[in-house]
Amino acid sequence: MSNIPVSEAIAAAAPAARRSRQARVAWGDHVVTVGGDAPVRVQSMTNTDTVDVIGTAIQCKELAQAGSELVRITVNTPEAAEAVPHIRDQLDRMGIPVPLVGDFHYNGHRLLTDHPAMAQALSKYRINPGNVGKGDKKDRQFAQMVEVAARLDKVVRIGVNWGSLDQELLASLMDQNACSATPLDAKQVMYEALVQSALTSADYAAELGLKRDNIIISCKVSGVQDLISVYRALARRCDYALHLGLTEAGMGTKGTVASAAALSVLLQEGIGDTIRVSPRRSQAKRARKRSWWRSKSCKAWACATSTRASPPAPVAAARPAPPSRNWPSRSMTFCVRRCRSGRPNTRVSRTSRWP
């Protein structure tokens, strides 16, 4: 019978945490460190139209108060780009310093160049190498976005997605695999294409002047086992901070279970520096708790010494709006009370309203 304490045995059996570079996603004096010795960070995204400044700012505030440490918004049109600085101003007025992440598709190079206020208001850019142009335009448009990030000292997440994977790279790897003496399975080739696309783009960004510490990588697929395999390969081949998330996971319980299964395996192996959850406050709260206890600084399951900044204090509820025609009438309230008491309803005029 071994005399080794249980805690030491668990720590010895647990895989060594992967030590990555540390990025600093900041807005003003508020800094969210990602990677290195920082805890696993929680990021969510809005599902509002970014042009709706007030609606988007309110949802960013609610997500931040629920525990989301980074909030991603879509920047896909000139109108959305113009709205971003106003969203940032609204959050600052509400005392919510949560950093905003801009998600760009296809036209990000033009938006970042034509809207410098938007480029400055965002703390982090998300670039998908498969969505920045084709052929000879690809490198040029990608370079435009990276140069803006390097000049403003912004963090960039290079997010590769299996649904928008670089088809030229995939076709090239497929051809090489077909000529190989020991060809791989098609799925393995896709894994390699995802990893190569992310690492090649990250190295190119560094050549353009972006600090390597300001680079975060993600390679998202929709299958649990696929995601685990891709991130294991990615973790072995680079020291960039990694963003975890299952794309197209599905709605409701299916998506929740699939995401939790994939992320739990990777985080327990010390792989992953930030995680993505859906735009629901309840899921953000649960993810915040999971990331607290599954911090990469943990030796085993929990870390009592992990230091975390407490979430912002909830803002006091606003005073009720003045009476309007949308307020319940006396008759509606009267009927509810009579029904709950078990007595028969008495008809009351519906024109009578709250004073």
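This is a predicted model: local features need pLDDT of at least 70, side-chain atom pairs count only at pLDDT 80 or more; totals for chains, interfaces and linings use all residues.
Trainee: What makes Tyr-106 count as exposed?

Mentor: Its relative accessibility is 56%, and because the cut-off for exposed is over 50%, Tyr-106 counts as exposed. Tyr-106 lies in the loop between strand S5 (100-103) and helix H4 (108-114), and it has a phi near 65°, a positive value in a residue other than glycine.

Trainee: How do you know that strand S7 is largely enclosed by the rest of the structure?

Mentor: Seven of the seven residues of S7 are buried, so the strand is largely enclosed by the rest of the structure. Val-155, Arg-157, Gly-159 and Asn-161 point one way, whereas Val-156, Ile-158 and Val-160 point the other way, and all are buried. In a regular strand the side chains alternate between the two faces of the sheet.

Trainee: What makes S6 and S8 partners of S7?

Mentor: Two strands pair if at least two bridges are found between them; strand S6 (residues 124-127) is joined to S7 by four bridges, the two running parallel, and strand S8 (residues 215-220) pairs with S7 in the parallel sense over six bridges, so both meet the criterion. Ile-158 in S7 stands opposite Ile-127, and Ile-158 also stands opposite Ile-217 in S8.

Trainee: Which handedness does the crossover from S6 to S7 have, and through which helix does the chain pass?

Mentor: The chain crosses from S6 through H6 to S7, and this β-α-β crossover is right-handed. A right-handed β-α-β unit is also made by S3, helix H2 (residues 53-66) and S4.

Trainee: Why is strand S3 described as largely enclosed, and what pairs with it?

Mentor: Four of the five residues of S3 (residues 41-45) are buried, so the strand is largely enclosed by the rest of the structure. S3 pairs in the parallel sense over three bridges with strand S10 (residues 274-276), where Thr-274 stands opposite Arg-41, and it pairs in the parallel sense over three bridges with strand S4 (residues 70-74), where Arg-72 is the bridge partner of Met-45.

Trainee: How do you know that the span of helix H7 agrees with its number of residues?

Mentor: At 1.5 Å a residue, the 13 residues of H7 (residues 167-179) should span 18 Å, and because the end C-alpha atoms are 19 Å apart, the two values agree.

Trainee: What makes the buried residues of H7 line one face of the helix?

Mentor: Leu-169, Leu-170, Leu-173 and Asn-177 are buried in H7, and seen down the axis the buried residues fall within an arc of 95°, so they line one face. What covers them includes helix H8 (186-207), whereas Glu-168, Asp-175, Ala-178 and Cys-179 are exposed on the other side of H7.

Trainee: What makes Asp-166 a cap of H7?

Mentor: A side-chain oxygen of Asp-166 lies 3.0 Å from the backbone nitrogen of Glu-168, and since a polar contact is a pair of N or O atoms within 3.5 Å, the distance meets that cut-off. Asp-166 therefore caps the N-terminal end of H7.

Methods:
Residues are numbered from 1 along each chain as its sequence is written. Side-chain values use heavy atoms; hydrogens and water are left out. Buried means under 20% relative accessible area, exposed over 50%, partly exposed in between (1.4 Å probe, protein chains only). A crossover is right-handed if, with the strands pointing away from the viewer, the path from the first strand over the helix to the second runs clockwise. The expected span of a helix is 1.5 Å times one less than its number of residues. The arc is that of the directions from the helix axis to the C-beta atoms. Contact means heavy atoms within 4.5 Å. A polar contact is a pair of N or O atoms within 3.5 Å; within protein, one must be able to donate a hydrogen and the other to accept it, and residues adjacent in sequence count only if both atoms are side-chain atoms.
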